[in-house]
Amino acid sequence: MHAESKRSGIEPFHVMDVWKAAAQRRRTHGDVLSLAAGQPSTPAPAPVLAAMRDALDSELFGYTETLGILELREEIARYHRAESGIDVDAEDVVVTTGSSGAFTLLFLAAFDVGDTVVVARPGYPAYRNTLAALGCEVVELDCGPQTRYQPTVAMLDALERPPAGLIVASPANPTGTVIDPDELAALARWCDDHGTLLVSDEIYHGIEFGRGAEFGEPRTSCAWQTSRQSVVVGSVSKYFSMTGWRLGWMLVPEHLTRPLQRLASNMTVCPPSVSQYAAVAAFGEESRAELDAHVERYAANRALLLEGLPQLGITKLAPADGAFYVYADIAHLTDDSVRWCADLLTRTGVALAPGIDFDTARGNHTVRLSFAGATDDIVQALDRLS
Ligand SMILES: Cc1ncc(COP(=O)(O)O)c(C=O)c1O
């Protein structure tokens, strides 16, 4: 029998086990309230669905250009110009198969085996695991409440030598925290000065609750406001409520376009064409109004959790600046978050994500609660938790 590769020996997503157990419980009890999934509970906006139906009659849905259809690249560029005031054109945009596809392509295009890439802990596990599968050396920066669970220039200065890459996410998964615009700018300048590629995962942009610096609550900013040498990653999965459509994108410095094109044309040919034609309609006013209404619901759900959890004695919560997560310290309740979540599901039907996916050091003391679902589910979940 042929042996499997060493590179495939990476960690799985442990939260998938929770999803499996929740699906099983749904079949046997029918009472599951899932706060475990990192995705909206709503379909794509109505104009996207209508555009897809129209396209079914008029488009062939063959392969598209590797970097994405021009109409979509133009819409994405327009969106970034409007949201961040940056100077960006369709040629700066590379459309990918989800942001997950963007990360794999980018890591291959920018890093070699043995290169060091720095990520935050806690953080989104796929960065670490994909980089490991590609033979990169991953350095995790221990980020705690003092820095809003985000990396800082001081942490980079303390490294032995400048890394090949730094990945930041703002708003972040699992913490929801946002990097202050001044700090993101400083990180981008540090990376430019040290020959480090800054990868700024901005896929939760559009879902934010911060009121600005005067309230001590940072608002999101875009890495390209400081440096066009960085790579900005976006996706239709979160704000746009289109996870399964598998579309993401990158804003890339010019020198990376051709390597990315070479890799993508070989590895996937192009991102899904049905999704590309439909997603053009995601950026218009009507879609945005529908999506902004979802964000209002997330805000209401967030307020319920931020008020309700402390009443249950769960008081150590990361500042939920954006995204749709509350990351809670439950060290006083368990030192095995996986078992704790499994027990909770068995006893109450409430599914939460254990912290170990996101934090290999302290994740046994933490859980992530997603508030992307219905408000009534949050009310009921809090009641059952109590
Ligand atoms: C921070 C972050 N980046 C990237 C992704 C991947 O998203 P997608 O491939 O659906 O664009 C996720 C998904 O949960 C995420 O939380």
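Of the 386 residues in this protein, 53% count as buried. The model is a predicted one, and its fold is built from 12 helices and 12 strands.

**Overall form**

- A compact globule of 386 residues would have a radius of gyration near 21 Å, and the protein agrees with this because its own value is 21 Å.
- Along the principal axes, the C-alpha atoms fill a box of roughly 65 × 55 × 55 Å.
- If we take contacts between residues at least 6 apart in sequence, 73% of them join residues at least 24 apart.

**Surface and charge**

- The protein exposes about 17100 Å², and carbon and sulfur atoms supply 50% of that area.
- There are 31 positive and 50 negative charges, and their mean positions are 6 Å apart.

**Helix α5**

- Helix α5 spans residues 125–133, and its buried residues include Pro125, Tyr127, Arg128, Asn129, Leu131 and Ala133.
- An α-helix has 3.6 residues a turn, so residues three or four places apart point the same way.
- The cover over the buried residues of α5 includes the helix α4 (98–110) and the strands β3 (116–121), β4 (137–142), β5 (165–169) and β6 (197–201).
- After α5 comes Gly135, which has a positive phi near 85 degrees.

**Asp92, a loop residue**

- You will find Asp92 in the loop that links α3 (70–84) to β2 (93–96).
- Asp92 counts as buried because its relative accessible area is 14%, where the cut-off is under 20%.
- A polar atom of the Asp92 side chain lies 2.8 Å from the backbone nitrogen of Asp89.
- Leaving aside residues up to four places away in sequence, Asp92 touches Asp87, Trp224, Arg228, Met250, Leu251 and Val252.

**Thr220, another loop residue**

- Thr220 sits in the loop between β6 and β7 (231–235).
- With a relative accessible area of 19%, Thr220 is buried.
- Which residues does Thr220 touch, not counting those up to four places away in sequence? They are Ser170, Pro171, Val178, His205 and Glu208.
- With Glu208, the side chain of Thr220 makes a side-chain polar contact of 2.6 Å.
- Thr220 and His80 are 140 residues apart along the chain, and their C-alpha atoms are separated by 13 Å.

Terms used
Residues are numbered from 1 along each chain as its sequence is written. This is a predicted model: local features need pLDDT of at least 70, side-chain atom pairs count only at pLDDT 80 or more; totals for chains, interfaces and linings use all residues. Side-chain values use heavy atoms; hydrogens and water are left out. Helices (H or I, at least four residues) and strands (E, at least two) are DSSP runs, numbered from the N terminus. The radius of gyration is taken over C-alpha atoms; the globule rule is 2.2 Å times the number of residues to the power 0.38. Buried means under 20% relative accessible area, exposed over 50%, partly exposed in between (1.4 Å probe, protein chains only). Contact means heavy atoms within 4.5 Å. Accessible areas come from the Shrake-Rupley method with a 1.4 Å probe; for residues, only the protein chains shown count as cover. Lys and Arg count as positive and Asp and Glu as negative; His and the chain ends are not counted. The place of a charge is taken as NZ of Lys, CZ of Arg, CG of Asp or CD of Glu. A polar contact is a pair of N or O atoms within 3.5 Å; within protein, one must be able to donate a hydrogen and the other to accept it, and residues adjacent in sequence count only if both atoms are side-chain atoms.
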